[in-house]
Amino acid sequence: MIFVFSIGMLKPFMRKKEMALVLISAFFIGSLGGAFFLSPIYEDVPEMMSNFEKVVPSNEETMDLMFSSSLDIDELEKNLTETEGVESFTTTGITFQMWRFDDNEYAYFQSVIPNIDSHYENFTVNQSGKIDIDIERGYDTSSALKSFSDWYTEVYGGSISYAQIQAEVVLKSSALDTVEENLLARGIVATNIEGPVQDSIENTNSSMLSSTEFILCSGIVGVIVSICGVYCDNIVVAFRKFKKFLNAKVKR
């Protein structure tokens with residue numbers, strides 16, 4: 001911007017046609033500055049705003065997780081609950097990915113799942129073969145998995161090779177970064193996060209300009225700075241006259 005301003009100050013040595021070129025150059029320089037230098041900072045604004053929510057002691061986040069049943073759930077729970085700021089860890093459901101169901105199989109699974117385990121609450125069956133089952137709070141996840149596996153072995157003669165566990169973590173907002181890093185080290189990424197920090201990020205994002213709009217605005221700022229350079233002498237003269245007028249008025 002200093003360079004753009006300096007070019008504008010060269011007005012006395014330029015022709016009128018060259019001034020148009022100066023303004024166009026100012027727009028491109030401002031746009032490039034916005035794209036390569038200011039955009040990375042601007043994109044970090046939501047994260048910076050969310051940091052204010054993280055320092056409020058009463059703020060809590062609710063994090064939804066989904067991970068493989070092969071993971072040691074007891075060890076994960078112990079690790080998380082011993083992390084400072086974590087309020088609770090609760091398994092909430094299980095997910096199975098079967099084969100694609102025809103209409104008869106789809107209807108069969110819809111009717112039989114409630115009878116497999118009395119601790120199963122809500123469930124959804126998709127014809128793509130995905131089955132989501134919510135379990136009672138506090139019910140042992142291993143037991144929920146075993147019930148389904150035993151039923152499957154009895155009916156189909158095979159075994160369930162893969163399942164996913166759904167869990168919920170309630171934590172202080174200040175512990176969010178620590179917990180996310182801990183989970184990421186285990187290959188787990190939260191499927192959903194709700195709370196003041198996430199609300200702050202979403203609200204800030206919704207009020208921000210898009211990348212293209214921000215770059216265009218940077219270009220316009222470059223043009224304005226260039227125009228200020230063009231009329232710098234006039235602005236200085238006008239300021240001096242105004243200052244002289246104020247001094248004269250005070251003396252009276």
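Reader: How are α3 and α8 oriented to each other?

Author: In this predicted model, the axes of helix α3, residues 45-54, and helix α8, residues 196-207, come within 8 Å and cross at roughly 150 degrees. Angles over 145 degrees count as roughly antiparallel. The two helices, α3 and α8, are therefore roughly antiparallel to each other.

Reader: By class, how many residues of each kind does the contact of α3 with α8 have?

Author: On the α3 side the contact is made by V45, P46, E47, M49, S50, E53 and K54, and on the α8 side by P196, V197, S200, I201, T204 and N205. Sorted by class, the contact of α3 with α8 has 6 nonpolar, 4 polar and 3 charged residues.

Reader: In which hand does α4 pass α7?

Author: The axes of α4 and helix α7, residues 176-185, come within 11 Å and cross at roughly 155 degrees. The contact is made by L76, N79 and L80 of α4 together with V179, N182 and L183 of α7, and by class it has 4 nonpolar, 2 polar and no charged residues. The crossing in which α4 passes α7 is right-handed.

Reader: Which elements give two or more residues to the lining of the largest pocket?

Author: The largest pocket, with a volume of about 200 Å³, is lined by I73, D74, E77, F89, T90, T91, G138, Y139, D140, T141 and S142. By class, this lining has 3 nonpolar, 5 polar and 3 charged residues. The elements that give two or more residues to the lining are α4 (73-81), β2 (86-97) and α6 (141-156).

Definitions and conventions. Residues numbered from 1 in each chain as written. Predicted model: local features only at pLDDT ≥ 70, side-chain atom pairs only at ≥ 80, totals over all residues. Heavy atoms only, no water. 1 Å grid on protein atoms, 1.4 Å probe; cavity = no way out; pocket = protein on both sides within 12 Å on 5 of 7 lines; lining within 4 Å. Points joined across faces, edges and corners; volume = space filled by probe spheres on them. Helix = DSSP H or I, 4+ residues; strand = E, 2+ residues; numbered from the N terminus. Nonpolar A, V, L, I, M, F, W, Y, C, P; charged D, E, K, R; others polar. Axes fitted to C-alpha atoms, helices over the stretch in contact; angles between N-to-C directions. Left-handed = near helix turned anticlockwise from the far one by under 90°. Contact = heavy atoms within 4.5 Å. Parallel < 35°, antiparallel > 145°, perpendicular 65-115°, else oblique.
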